[in-house]
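Visitor: Hi there! Could you walk me through this one?
Guide: Happy to. Have a look, then ask away.

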Amino acid sequence: MTSPGPRRLQIARGLQGLRLRAGLTLEAVAAASGYGKSTVQRYEDWTSATRPKARNVKAIAEAAGGTPEEVATLTALAESLTAGWWAVGGVPEWLHPLVSMEQDADTECAYAPSVVPGLLQTRDYAMAIHLGQEVREPLDGIVRQVDGRIKRQDVLSKPSPLHLWVILDESVLQRVVGSPAVMAAQIDHLIEQAQQRHIDVQVLPLSTGAHAAAGSGHYVTITSGGVTSAYAELLGTGIYMDAADQVARYTTAMDYLRSQAADAAASLKMMSKYRKEYGT
């Protein structure tokens, strides 16, 4: 079964493709469908938090000049959408598209320049990160977010798990998040996970100097159903990209990072070195 993420992307691309093929503006489709311009625009945006309603998709697709077969296909996709656990599971709204895509993605690659990626965080490390970031958030809200982050890691332990490939900046191992004990447990977890067949962790040494993602923050490329998208994290939000030229820039940088980072064996040695520094 395809997750809501890929289906939402197919609907958005389909509706936009119909409109562009017909040479219509958003205003024209809005007038013909009976909906406002903002509604049509949201339906063409696959990262929108609005879950598409089948009747709206049908009306917009018809207004955009879709054939009966095209309209039926897009309507069926909308009818098959269901809300995922993340909608009520403590995951921030801006992260819903990524978590949705992860449910049946083939591969996710992450460049982590400042903290361990969420899919590989221990609970104590995640709690320390959230306490540091969400300085005005009540404790119960932070606990819910941490619960959601740990729940998200289920994609790594299901029968056909997500293949995760992480490029971890060496500074992440140096930064003391929480306490030395928290860091020791976190690095133990990284070492254990990195030895699984479907998880690759490479450390990017500080000695590398300038590299392919220099100046970039945390970002992810994710492939699901043959479609690759990119997500770049910002403070309290993120940017999603699916245009071919944008995605290519991130995937190319990731390819170079793999060659610039230490290999798997050397990366394990680096992690073990820092683990010893944090004691028992």
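Visitor: What percentage of the residues in the protein are buried?
Guide: Buried residues account for 48% of the 280 residues, where buried means under 20% relative accessible area, exposed over 50% and partly exposed in between, with a 1.4 Å probe and protein chains only. One note on the source: this is a predicted model, where local features need pLDDT of at least 70 and side-chain atom pairs count only at pLDDT 80 or more, while totals for chains, interfaces and linings use all residues. Residues are numbered from 1 along each chain as its sequence is written, and side-chain values use heavy atoms, leaving out hydrogens and water.

Visitor: Thanks! How many helices and strands does the protein have?
Guide: There are 12 helices and six strands; these are DSSP runs numbered from the N terminus, with helices (H or I) of at least four residues and strands (E) of at least two.

Visitor: And why does the protein count as compact?
Guide: Its radius of gyration is 21 Å, close to the 19 Å from the globule rule for 280 residues, so the protein is as compact as a globular protein of that length. The radius is taken over C-alpha atoms, and the rule is 2.2 Å times the number of residues to the power 0.38.

Visitor: What box do the C-alpha atoms fill?
Guide: Roughly 65 × 40 × 35 Å, along the principal axes.

Visitor: On to the strands. How do β4 and β5 pair?
Guide: β4 (residues 219-224) and β5 (residues 227-234) are antiparallel, with six bridges; DSSP must find at least two bridges for strands to pair. Val-220 sits opposite Tyr-231 in β5.

Visitor: What's in the turn of that hairpin?
Guide: Two residues separate β4 and β5, and Gly-225 in the turn has a positive phi of about 60°.

Visitor: Which strand comes next to β5 in the pairing, over five bridges?
Guide: That's β6 (residues 237-241), also paired with β5 in the antiparallel sense. Ala-230 faces Met-241 in β6. The hairpin of β5 and β6 has two residues between the strands, and Gly-236 there takes a positive phi near 75°.

Visitor: Changing topic: where is Gln-103?
Guide: Gln-103 lies in the loop between α6 (96-102) and β1 (107-112).

Visitor: Why does Gln-103 count as partly exposed?
Guide: Because its relative accessibility is 22%.

Visitor: How far is Gln-103 from Thr-221?
Guide: They are 118 residues apart in sequence and 14 Å apart in space, C-alpha to C-alpha.
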